[in-house]
Amino acid sequence: MCGIIGYTGESEALSKMTKGLSVLEYRGYDSVGVALQEDGEIKTVKCRGRIGDLEEKLKQSPSHARCAIGHTRWATHGGPSDRNAHPHRVGSTVLVHNGIIENHKQLKERLIDLGVEFSSETDTEVAAALLDLHYQTCNDPVKAIRRAMEELTGSYAFGILFDGAKGEVYAVRSGSPLILAKGKDGYYLASDMTALLPFTNLYYPLKEGEIARLTPTEAKLFDDESKEHAPTWEQTDMTAEAAQKDGFAHFMLKEIFEEAKAVENALASRVDENGLPDFAQDGIDAAFWKRIRNIQIVACGSAMHAGLIGARLIEDYAAIPTSVYIASEYRYHPPVTGEGTLVIVVSQSGETADSLAALRYAKSVGIPTLGIVNAVGTTIAREADYCIYTYAGPEIAVATTKGYCTQVAVLYLLALHFAKIRQTMSPTRIKGLLDGLRVETPYAIAEMLTQERMQAYRRIAQVFQDRDHAFYIGRGRDYLLSMEGALKLKEISYVHTEAYASGELKHGTISLIEDGTPVIALCTEPSLAEKAENNVHEVESRGAHVIRIYRADCLKKHEADTDTIVLNAKSDIACFFSAMIAVQMIAYEAAVRRGCDIDRPRNLAKSVTVE
Ligand code: F6R
């Protein structure tokens, strides 16, 4: 939700803060700030706005500090303002925070009674005051943090500087992510490794409740008993270049262009010499798969949409009853489970609080869990009993594209894997279906991104220039992709878009169709084409401006017009992914036309680490 960075070492810290924060902006971008420790003094500079606004402000106060923390915010408590921007200083304690302190009201009342004066509306300032209260009493940063932790409820990742602790950065986390890193010139912390890739690739994911002290020459960890030990550094093979735009106008566009490769990466090492699915490399034993009798897929947003496709595929191919749940609802009305239930949590970031809470609930009642995660080493990946990485690489644009794409690819592979284990299909059929993904899909995706295709998306997107409402319709799997298409369009172009099962529209919602209402109709399942087209006629005859995204063999000749995108792929799965590219590109071009901030849509953040 918010991005945190910190550094202490022999190099100048400010440029590291601004560089790291600009990468972390995807986590929140309504205000930004840094605290710089120089000659024993801690100076904070912060403002409403983005990193560019902070850089303007910093011009008035140059710094040679070698120890600093920084923050980019997504407002939860207290609107975006200079006052509410982090870092927050109370007494001798300066704090940046990601997460939510749930008992901040009670703590604030107590602290006010003790004479503390607050200058912001944030829960973070309350945490800073609590930390400071303990720091004033014991004058020991680690003890002060441990004592404050005993009183705090909620989720938090903290980066902390204390007056009197020169060159020292403290960090702790509970429920929100935080990574430590070791560079040649000092030690770092950040919410996400991508912010640190320009400096180092050695990292350590801080554990729940562990306190870290970074100095220019060492990193130390303190566990529950305040016993000291050193982190075990791991090496990531992600590169800083992977987190650059590479000449694309936006990260979203770059990430759409990376989808063909991402599908290949998601499958690499998971197909055996006979062309059949194989998850042995993920460390999942055969006995685990055989025990599964029913599946619950839990996720949020686009990941949940990927889950819906996955559930359909698992039921179709392997006949395992599979349901999909919105993660934020799951533990408040948990479904019935029994012998052989598996919970699959799908998450690009691996840190989504709602999904994590659902995972922890499932584990607490003894259900085996499997994570399908992109970001390596993240909380969901670590806490799930098993994890299958999607290997999409860093996804920076707030709206997911290649993340969703690889989630569907992995779920497709999983469905075929279950079919193999349960022998619901012949190996030849499974291989044929998998070839559709492995061999045909990367080409099909590339074919959907040629210059000619791009011109078509641009032309089609013109309709959204002055339209604020739209619909996506489809039947079967196309309805499930419609949900993702509608989310993509509304979240980045702010065109209010709803997805409807084509046959359902006439049961009420069709009254909203008026002259020129854009309706994007998807059709990739030939067996449903006739009925789907009838539904299109229903809206067309009521004045809708219809855009068809149709598989070639679902289209009658006279239906193709300039607002039709014809999918030439042959297999069902390659058609699905071709249609997916079209819906993503239409959303992208609509947002371009409407002058929207594509990579950072309003009110959103990439990683939603609050419930
Ligand atoms: C939409 C989008 C979100 C995420 C959702 C889950 O473009 O990105 O709907 O899919 O917040 O995030 P992860 O997959 O990180 O758990």
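Buried means under 20% relative accessible area, exposed over 50% and partly exposed in between (1.4 Å probe, protein chains only). The model is predicted: local features need pLDDT of at least 70, side-chain atom pairs count only at pLDDT 80 or more, and totals for chains, interfaces and linings use all residues. Residues are numbered from 1 along each chain as its sequence is written, and side-chain values use heavy atoms, with hydrogens and water left out.

**View 1. Thr-509 sits in a loop between two strands.** Thr-509 lies between β22 (496-501) and β23 (518-523). Helices (H or I, at least four residues) and strands (E, at least two) are DSSP runs, numbered from the N terminus. Because its relative accessibility is 14%, Thr-509 counts as buried. Leaving aside neighbours within four places in sequence, Thr-509 is in contact with Phe-471 and Tyr-500. Contact means heavy atoms within 4.5 Å.

**View 2. Phe-288 and Trp-289 form an aromatic pair.** A pair of aromatic rings is described by the distance of the centres and the angle of the planes. Rings of Phe, Tyr and Trp (its six-membered ring) pair if their centres lie within 6.5 Å; planes under 30 degrees apart count as stacked, over 60 as edge-to-face and the rest as tilted. By this rule there are 17 aromatic pairs. For Phe-288 and Trp-289 the centres are 5.4 Å apart and the planes 70 degrees apart, an edge-to-face pair. Phe-288 has 4% relative accessibility, so it counts as buried. Trp-289 is also buried, at 3%. One aromatic cluster takes in Phe-279, Phe-288, Trp-289, Tyr-386 and Phe-418.

**View 3. Helix α18 carries Ser-578.** Which residues does Ser-578 contact, leaving aside its neighbours within four places in sequence? They are Ala-444, Met-448, Leu-567 and Ala-569. Ser-578 is buried, with 2% relative accessibility.

**View 4. Two lysine and arginine side chains lie over aromatic faces.** A charge sits over a ring if NZ of Lys or CZ of Arg is within 6 Å of the ring centre and within 35 degrees of the ring normal. Lys-108 lies over the face of Phe-118, 5.1 Å from the ring centre. Arg-548 lies over the face of Tyr-550, at 5.9 Å from the ring centre.

**View 5. Helices α4 and α5 pack together.** Two packed helices are described by the angle between their axes and the distance between the axes. Axes are lines fitted to C-alpha atoms, for helices over the stretch in contact, and angles run from 0 to 180 degrees between N-to-C directions. Helix α4 (residues 123-138) meets helix α5 (residues 141-151) at about 135 degrees, with the axes 8 Å apart. The angle therefore makes α4 oblique to α5. Angles under 35 degrees count as roughly parallel, over 145 as roughly antiparallel, 65 to 115 as roughly perpendicular and the rest as oblique. The crossing is right-handed. A crossing is left-handed if the near helix is turned anticlockwise from the far one by less than a right angle, and right-handed if clockwise. Among the contacting residues are Leu-130, His-134 and Tyr-135 in α4 and Pro-141, Ile-145 and Ala-148 in α5.

**View 6. Helices α9 and α16 cross at roughly 175 degrees.** The axes of α9 (residues 301-318) and α16 (residues 477-493) come within 9 Å. The two helices are therefore roughly antiparallel. Residues in the contact include His-305, Leu-308 and Arg-312 of α9, and Leu-480, Glu-484 and Leu-487 of α16.

View 7. A cis peptide bond joins His-86 and Pro-87, with omega about 0 degrees. Asn-603 has a positive phi of about 65 degrees although it is not a glycine. At 63% relative accessible area, Asn-603 is exposed.

**View 8. Ser-527 lies in the loop between β23 and α17 (529-540).** Ser-527 counts as exposed, at 67% relative accessibility. Its C-alpha atom is separated by 49 Å from that of Leu-178, 349 residues apart along the chain.
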